[in-house]
Amino acid sequence: MMNKKQFPREEYFAPGHRGCAGCGASIVARMALKAIGRDTIVVNSTGCLEVFTTPYPETAWKVPWIHTAFECAGAVAGGIERAIKALKKRGKYKGRKLVVMPISGDGGTADIGFQSLSGALERGHDMVYIMYDNEAYMNTGVQRSSSTPLFASATTAPAGKISKGENNPKKDMAMIAAAHGIPYVATACISYPEDFMRKVKKASDIEGPAFIQVLQPCTVGWGYSTENTIKIGRLAVETGLFPLYEIENGDFKITYKPAKRKPLKEYIKMQKRYRHLTDEDIEILQKNIDEKCKLLGLE
Amino acid sequence: MVTIAAIIYEPGSTTKNKTGSWRTFRPIMDNKKCIKCENCYIFCPEGTIYEDENGDFKINYDYCKGCLICVNECPVNALTSIREEK
Amino acid sequence: MEKTDIVTGTIAAAMAAKLSNVEVIAAYPITPQTHCVETLAKYVANGELDAEFVKVESEHSAMATCIGASATGVRTFTATASQGLALMHEMLYIASGMRLPIVMLNTNRALSAPINIWCDQQDSITERDTGWIQIYAEDNQETLDSVIQAFKIAEDEDVLLPVMVNIDGFILTHTVEPVVIPDEEKVREYLGVYEPKHAYLDPDKPITQGPVGVPECYMETRKDLNDAIEGSKEVIKRVNEEYYKLFNRKYGNGLVEGYNLENADTVLVSMGSVCGTIKYVINKLKEKGKNIGLLRIRTYRPFPKEDVVEMLKDANNVAVLDKNISLGFNMGALGIDVSSVLKNKKVCNYIVGLGGRDITPQNIEEIINHVEGAKDGETKWINLRE
Ligand code: SF4
Ligand code: SF4
């Protein structure tokens, strides 16, 4: 960890953007671009990242970037990938690999953009799809998405007298992506930059579709103070709640194994979205995690 | 004059927007304590920590929003914070 | 070499896309356009067309794929109809707003419910205000020529807008006619290679496309768009003339086509294949000594206001035939538009042919007889069953 210059110094994501202080989505974008480098074309779905990086006439992006709508990053990326092929036929970009990187939030991936993503994965477009997962619609004010976890409070799934917040478990997008039989699927978390960036780089080198779901705590939506973005992400992984793995050509591999899993309570207690939970509620969630970790070999 | 389709032709032009004014806390770097683990560098959401010509990490306060992630993630307390004086 | 083939409208459109050397095609099947994308798939499969054929999972994705490809700087084409066009709705605004010269064949078909696969023009009329140039072809030859012209118009530096070529479902899509197929080299030379100066995703010159249009710039982008589509009238006329010089076919002035307008007191106004039937009736009545005119609107958006006023200046009875209905206004879109530009003139509106209802020569005569005795502003539904 202490070797000199472990992270590339080139910046493709400029400061001055309007992301909240402590914004995890910015960290995703910055790290991913450092991992791939300049020959990246970003396809951004509607969402926080798109909005806070491109208020005309300013852009935070130093690589080509396009935004069209909320639900079509997969299809737009597919069009770009094929256009690059067509341009190569004309003799452009000889010997170069251009990486098409759709980047969408959990809503843009697991909900409204699900069909477009599935189509793009099935068709085998060469792309690195990044799902920045902050577990709700943050741009519009913390509404639940299908990636919102059980018992988290969101503005359209609020905790109340007879509600414990979200009543459905989190949709497992990485496994759904894997079911398409694509060459590379991974989960990652911004608190583990070497792991995340290695995966992005690997995904960009692989021919065909790659899907990376990266967990990214959100200060506003999750309710914690700004300095804790990385700490909370780390706890999500250390508790076993969000395991880090990759599936390369069908081979599943845990890429980070916590020495000893931390109790979920430590993670829960740091976030306002869970403040309505009783010890019994947390116990239910803990059991769920234990079962999942058992399946994945994370004791 | 608005460009055609409002296309932005100047990459990284948000640098015109000095978000340092958002700060209520200011991170302070002590380069003597720093072991160059790069934590603060890679975790900063603004990318506003840079390496100077001597290889020391410095904070560009033009853009630092004062989130204090860097302070929280420094393993050797080379980063501390003070309240911002306006 | 130029040759003549007997083909349907959809195949004529596919041939035109091939002649135009499209580089990315995004395709999803829907009746009655499916033959168009099937034909293109066949061209690609046989190596006759070196294009990337993207087998998308919906029309929304078809347009999104075309947007991505066009924004990267290649020539793109797709085809759709009816529900497919409606599903694209959101993306149509984005294609024009991003100033991407995508060309699309729309085969006019009714909108659900109830589901109906037959012809009317409600689908494209519903997309009137999306900023797409809309051309309505009368026959299969015009379909082929219009698709080629569409690329020339769309990619013009002063236009940079998507173009929708509309043809009547089944009436043109499934009917064979002799069509002159121009020489491929000649078409490719005419169109050249699409090399945009404004929008292209290129790591060597990174730009940001589709940013947040804050209130300080949004209205200006809409004004630019409106200026571009208004300005495209001149380009459409010019392309019509250029095309005539090269390929020996023209369609009125590109925007409108007048037929037997001289000394015609009664003039019918319409779009698409029904104009063929109207011309037939006009010729028949002429033999009987009755002089009726036709003003065919070829380009519906931009709307040729000036031509409509000029060419109808001597008419006293104007009958506008609409294959669409603005529900709650009891008029079709073309009727509303024509009425709004013609001052102090009798304009009546006839709702015809919805969902594949026949429009017979007798119906046309009925309309002529009606308008001559009608009061200004009447709307009549034609061939409605009891
Ligand atoms: S306080 Fe936050 S924004 Fe400022 S340098 Fe540290 S990590 Fe970056
Ligand atoms: S986190 Fe601390 S030790 Fe590490 S590089 Fe930054 S200041 Fe130096």
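This report describes the interface between chain A and chain B and the cysteines of a predicted model.

## Basis of the model

Residues are numbered from 1 along each chain as written, and chains are lettered from A in the order in which they are written. Local features need pLDDT of at least 70, side-chain atom pairs count only at pLDDT 80 or more, and totals for chains, interfaces and linings use all residues, while side-chain values use heavy atoms, without hydrogens and water.

## Extent of the interface

Chain A contributes 46 residues and chain B 37 residues to the contact, meaning heavy atoms within 4.5 Å. The two chains bury about 3200 Å² between them, 56% of it on carbon and sulfur atoms; buried area is the accessible area (1.4 Å probe) that two parts lose on being put together, summed over both. On the side of chain A, the residues that lose the most area to chain B are A:Pro15, A:Arg30 and A:Tyr56, together 21% of what that side buries.

## Salt bridges

Between chain A and chain B there are 3 salt bridges, each a side-chain nitrogen of Lys or Arg within 4 Å of a carboxyl oxygen of Asp or Glu. One of them joins the side chains of A:Arg234 and B:Glu73, at 2.6 Å from N to O.

## Cysteines

The count of disulfides (cysteine sulfur atoms within 2.5 Å) over all chains is 0. For A:Cys293, the nearest cysteine sulfur belongs to A:Cys189, 14 Å away. A:Cys293 counts as buried, at 1% relative accessibility, because buried means under 20% relative accessible area (1.4 Å probe, protein chains only). B:Cys40 counts as buried at 10%.

How values were computed: Buried means under 20% relative accessible area, exposed over 50%, partly exposed in between (1.4 Å probe, protein chains only).
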